[in-house]
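Please open the model in a viewer and keep the selection tool at hand.

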Amino acid sequence: MKASRLTMSSLAISGIAIVWLKLLPMWAESPNMRAALKRHEQAGINGGAIYYSENPAALEAVASIREIQVEAPHVFWRTGPTENPRDH
Amino acid sequence: MEGSPTHLKLPVAWFECTFTIATHNTQEAAHLVLGREGHIFGRSPTPLNIGEPMLNASESSLSVPASPSFWNEMRSSEDWWAVWIGSLLLGVIVLTVQWTDSSKPVSLLKPYVAKPAQWTSSLSDALISKSGKPLTRGIITTGVLSLVAFSLAQVGMGRNLPRFLATFPVVFALAFIAQLLSEQSVIKYYNLEYPLWGLIIGFLVNVCLGAKWLQPALQTEFYVKTGLVLLGVEVLIPLLLTLGIPGICVSWVTTPIVLIVTFLFGQRVLKIKSPSLNMVISADMAVCGVSAAIATGAACRAKKEEVSLAITLSLVFTAIMMVIQPAVIVAVGMNPVVAGAWLGGTIDSTGAVAAAGEIVGPVALMTATTVKLIQNVLIGAIAFGVATYWVTRVEQREDGVRPNPWEIWYRFPKFVFGFVAISAIFSLLSLSPSLGQGVVDATTSVSKELRTWFFCLAFICIGLDVDFAEIRRNLQGGKPLVLYVCGQSLNLMLSLLMSWLMYGVLFQDATNKLIEKAESQARAKAELVAPAAPATKTPISPVKP
């Protein structure tokens, strides 16, 4: 029983080590993945986020939308063409 | 416990049961009354002790006091302790917020609370922050802080402190490993979040070494509830109005409709035996994936296996949808704002929504992340609604008696009050743009790290304690899968219809503004990175009225 547990533990640790320390880094270095990761980094995307506060892209988006609301306060509240007060 | 004399007496002895609660002042007794022992996202009393008080009460009901001690419950129940510990931690964080020379306030605790950072090739990069500072000290102090906070609660709840002290560091170390795995860049890119690795690591340790020796630290529900109280800081209600009426219609209207219809479909058409499994799947599909599954799972006292199953389903479908949906959008040349709202309203996971939006373009990214953010904020209201519905409508069916208001109060998961109260306080603070928002941001920067650790600890515990027979029972011939697919299909159709109606027909001015803004920002970013690079991948054209 102890021997089989030891074998299973060794297998699990070896498997994790091979995948995370060898295969995934190799994959991350491939040109396509490297470009994709760079795009995510530039856009502030955290692919592993489970809530908006972990995702810088979401906070940037809210800031941008607030700027729109300052420029055109009624744009998200009235249908049809809305006037921009700064135009007058 | 099933079929024991205690349970057979239950329908006729409801008030005696209430008196039992009054006498012993333990939520565990109430828990038994509901017949929900073993629900790890609910309460986890020792079942053998629970049966005794009920028999005593029915034998000597005249001697019991008429009203239970509210204070005793607040001192000993796990729900309240989750509120106390969460509030204490938040109080300490807020008290340490300081205004430095820079305009943004920071909490002095920030360097002492950390989790592993994203890494690509070298594991040691996970211990260095983006700004180049070492994280090892922060991770260790987070462990110590968690140990102290949870130990306090162990004493308060009358649990075995020395055994907890001996086993908690092991569970924390496993949570550290799970986070290390989840922070690998490729894993992150494909949205394989830490709950999945928590489950796998916990399960592997259970298979290889066994988990009985870790039992004192396996307090899944307590970690979840404390994490949810901390999450309250991030549930800022004013954010619900970010996108005005279109945002309200896509998130506030569509999401609850999908949630309710999917739940009713599961109960009435598929006849899923466990309403809590049905609810957790419906919520994580309709609202926002893992975080919604955790919040509703705790609110309706779902079993740990039910939450695991719902999260696994969600992660699998998220991985599929984040590839297929943007491809369809690009292929049909959908308006980027409509596309973004559709992505935000349908893809479960917050991270995957941003990734899918980025494939379509900057406009879709901006709209998608904002719609998902509004859905994220909805989980406060949904958790409260689900908890209320559960204690008033679902649990009453188990004993066939409609509970009175006092019983409803007793059965209500109290940590939800903490979650909602913290959310309300920080929402009010956020209304003050300079002072309040600064405090909220500084608090969130620390509390979100702690919350991540607590949720990760919970998933490690689930993995360590998972019951495969229960998971097989939950599969019920693939009914959860059918529920998810049918619910998501409804979600896809309804969200698309609403997104098109709002952004393609009724609020075209808003759509054009969003396009202009995202375009100009993308251009500025592109110029900053590579002056000659194109700003967007897909052509953007304003909506013609």
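This is a predicted model: local features need pLDDT of at least 70, side-chain atom pairs count only at pLDDT 80 or more; totals for chains, interfaces and linings use all residues.

Throughout this tour, two residues are in contact when heavy atoms of each lie within 4.5 Å.

**Chain B as a whole.** Of its 545 residues, 59% count as buried. Among the contacts in chain B with a separation of 6 or more, 79% are between residues 24 or more positions apart.

Next, select residues 220–231 and 415–430 of chain B, which are helices α11 and α20. Their axes are 7 Å apart and form an angle of about 20°. Angles under 35 degrees count as roughly parallel, and α11(B) and α20(B) are therefore roughly parallel to each other. The crossing of α11(B) past α20(B) is right-handed. To see where the two helices meet, display the side chains of B:Lys225, B:Leu228, B:Val229 and B:Leu231 on α11(B), and of B:Phe415, B:Phe419 and B:Ile422 on α20(B). Sorted by class, this contact has six nonpolar residues, one charged residue and no polar ones.

Move to residues 136–156 and 435–465 of chain B, helices α7 and α21. Here the packing angle is about 70° and the axes are 11 Å apart. Angles of 65 to 115 degrees count as roughly perpendicular, so this description applies to α7(B) and α21(B). Their crossing is right-handed. On α7(B), show B:Ile139, B:Thr142, B:Leu145, B:Ser146 and B:Phe150; on α21(B), show B:Leu450, B:Trp453, B:Phe454 and B:Leu457. These residues make the contact, which by class has seven nonpolar, two polar and no charged residues.

**The nonpolar cores.** Which residues have the most contacts inside the largest nonpolar core? Select B:Tyr223, B:Leu228, B:Ile379, B:Leu457 and B:Tyr503 to see them; the core itself has 153 residues. Helix α18 of chain B, residues 362–399, gives the most to this core, with 15 residues. A second, separate core has 14 residues, including B:Met322, B:Trp342, B:Ala352 and B:Ala364.

**A last stop at B:Tyr223.** Centre the view on B:Tyr223 and display its neighbours. Leaving aside residues up to four places away in sequence, B:Tyr223 touches B:Phe150, B:Phe164, B:Phe168, B:Ala217, B:Phe454, B:Leu457, B:Ala458 and B:Cys461. Of these neighbours, B:Phe150, B:Phe454 and B:Leu457 also take part in the contact of α7(B) with α21(B).

Definitions and conventions:
Residues are numbered from 1 along each chain as its sequence is written. Chains are lettered from A and ligands numbered from 1 in the order in which they are written. Side-chain values use heavy atoms; hydrogens and water are left out. A nonpolar core is a set of buried Ala, Val, Leu, Ile, Met, Phe, Trp, Tyr and Cys residues joined through side-chain atoms within 4.5 Å. Buried means under 20% relative accessible area, exposed over 50%, partly exposed in between (1.4 Å probe, protein chains only). Helices (H or I, at least four residues) and strands (E, at least two) are DSSP runs, numbered from the N terminus. Axes are lines fitted to C-alpha atoms, for helices over the stretch in contact, and angles run from 0 to 180 degrees between N-to-C directions. Angles under 35 degrees count as roughly parallel, over 145 as roughly antiparallel, 65 to 115 as roughly perpendicular and the rest as oblique. A crossing is left-handed if the near helix is turned anticlockwise from the far one by less than a right angle, and right-handed if clockwise. Ala, Val, Leu, Ile, Met, Phe, Trp, Tyr, Cys and Pro count as nonpolar, Asp, Glu, Lys and Arg as charged, and the others, Gly among them, as polar.
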